[in-house]
Amino acid sequence: MTSANNISASAAAPARRRPMRLLAPAGGPEQLRQAIHFGADEVYLAGRSWGMRARSKNFDRDQLEQAVRLAHASGVAVHLTLNTLMRDCDIDALPDYLRFVDQIGVDAAIVADLGAMALLRRYAPHVELHVSTQASVMNALAAEEYARLGARRVVLAREMSVREVADLRRRLDADGFSSLELEVFAHGSMCMAVSGRCLLSSELVGRERGASFGACTQPCRWGWTLVEESRPDVRRMPVEQDDSWSYILSSNDLAMLDHLDDLADAGVAAVKIEGRAKGAYYTACVTNAYRHVLDGEPASAWVGELDAVSHRPYSTGFFYGNPTQNPGRVEYQRDRLMVATVEKSVALSADAGSGPRYMTEVLCRNKAAAGSVLQVLSPREPIRECRLGSLERFDAELQTWVPAADLSRAMERYRTVLPFALEPLDILCLKQ
């Protein structure tokens, strides 16, 4: 990870409040389960419309109702994204949906459009209003106006420094708005446009793929070449002189795991992990790392976990100065692969001279050979290692377990004996 400049918010810091909450992404039901399992205090997700990640699986009405029940059973709050730009046809359709959202017990809605905010207060009075980062709130006066409109929390623009966040918090407190909460993105992809307001996708691909409506094709991540117009087939060069393309618009990813104390000192109430378009393994791994550090463990013990998911090089975004650009030499990278999720773990009688043994049933996600050394992700536990022993696969046609040489059939059930107990949804990983 890129270390930050030695700049602290302490000089302007307000009095520290309750511990920061951890807000994890849930792009679909599987990601939701992993976010809850690995310790999120709050999850954010979208319905089939009006969310900024239209290509995620998201949740239909039945799934959303089930998601709220599942999260609330674990004491986890559900925040619904309604943060796209709104046309009149969207405003016309919202009241019916908001009545439903209010009825099923959604805790908060993340909204950018003023019209949608007005409808939320009218048709979903029990749902908190959280102002989306798409609203680009960067000053206390704007935050106070949103509070007067009923906002309980503001998701600040990503272009703010830690010092600016602390100053905004101090101004809010001085003006009598101490109950208005501040949320910031602490981890994940960064957009090259201010608060994600970008026209590249709609201009290059088509209006239906507009970024502000949740359908961005991410042209900023494409490889670009400089071309001399008179001889385009001859005079072509990468903008940066090396052997690869230049990603001239692509920013590095954000990671604030080892700077969470600065955010807490600045008066941040909740830190958010970006990634509703990413898979369950990403959600589990990153949520797990931030949970451990927020609970008091040293960041140095968990920062390596952030390299275990697919990511661009890390930076601290705008929090300590200007963000760093991804030059294209390294795009996505990761050093670990999820191979299975745990479904059941049952203690076996210990053989003479052997330690504890647990028959563990798993759902295969990727290949791993018997004898491979696996790393295990479990909430409230350090990363543990074990060797994958002999395997059996459940044969659906025979309705029995049969010997297997390796984990190889995705989404089929296997079982093996492991030296410690695991919980359903724990994850087995293979180092690459």
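Glu 65 has a relative accessibility of 27%, so it counts as partly exposed. In this predicted model, its side chain meets that of Arg 69 in a salt bridge, with 3.7 Å from N to O. Both residues belong to helix H2, where they sit 4 residues apart, or about one turn of the helix.

As background, side chains of opposite charge can pair when their charged atoms come close.

## How H2 packs against H1

Helix H2 covers residues 61-73, and it packs with helix H1, residues 29-37. Because angles under 35 degrees count as roughly parallel, H1 is roughly parallel to H2.

Which residues in H1 and H2 meet? On the H1 side they are Pro 29, Leu 32, Arg 33 and Ile 36. On the H2 side you will find Gln 63, Ala 67, Leu 70 and Ala 71. Sorted by class, this contact has 6 nonpolar residues, 1 polar and 1 charged.

Now for helix H5, which spans residues 140-148. Here the side chains of Arg 148 and Glu 145 meet in a salt bridge, with an N to O distance of 2.6 Å. The pair is 3 residues apart in H5, so about one helical turn separates Arg 148 from Glu 145.

Are these two partners buried or exposed? Arg 148 counts as exposed because its relative accessibility is 51%, and the cut-off for exposed is over 50%. Glu 145 has a relative accessible area of 41%, so this residue is partly exposed.

Helix H6 runs over residues 162-174 and holds both Arg 170 and Asp 167. These residues form a salt bridge in which the closest N and O atoms are 2.2 Å apart. They lie 3 residues apart along H6, about one turn of the helix.

Arg 170 is at 41% relative accessibility, so it counts as partly exposed. Asp 167 is also partly exposed, with a relative accessible area of 23%.

Definitions and conventions
Residues numbered from 1 in each chain as written. Predicted model: local features only at pLDDT ≥ 70, side-chain atom pairs only at ≥ 80, totals over all residues. Heavy atoms only, no water. Axes fitted to C-alpha atoms, helices over the stretch in contact; angles between N-to-C directions. Helix = DSSP H or I, 4+ residues; strand = E, 2+ residues; numbered from the N terminus. Parallel < 35°, antiparallel > 145°, perpendicular 65-115°, else oblique. Contact = heavy atoms within 4.5 Å. Nonpolar A, V, L, I, M, F, W, Y, C, P; charged D, E, K, R; others polar. Salt bridge = Lys/Arg side-chain N within 4 Å of Asp/Glu carboxyl O. Buried < 20%, exposed > 50% of the residue type's maximum accessible area, 1.4 Å probe, protein only.
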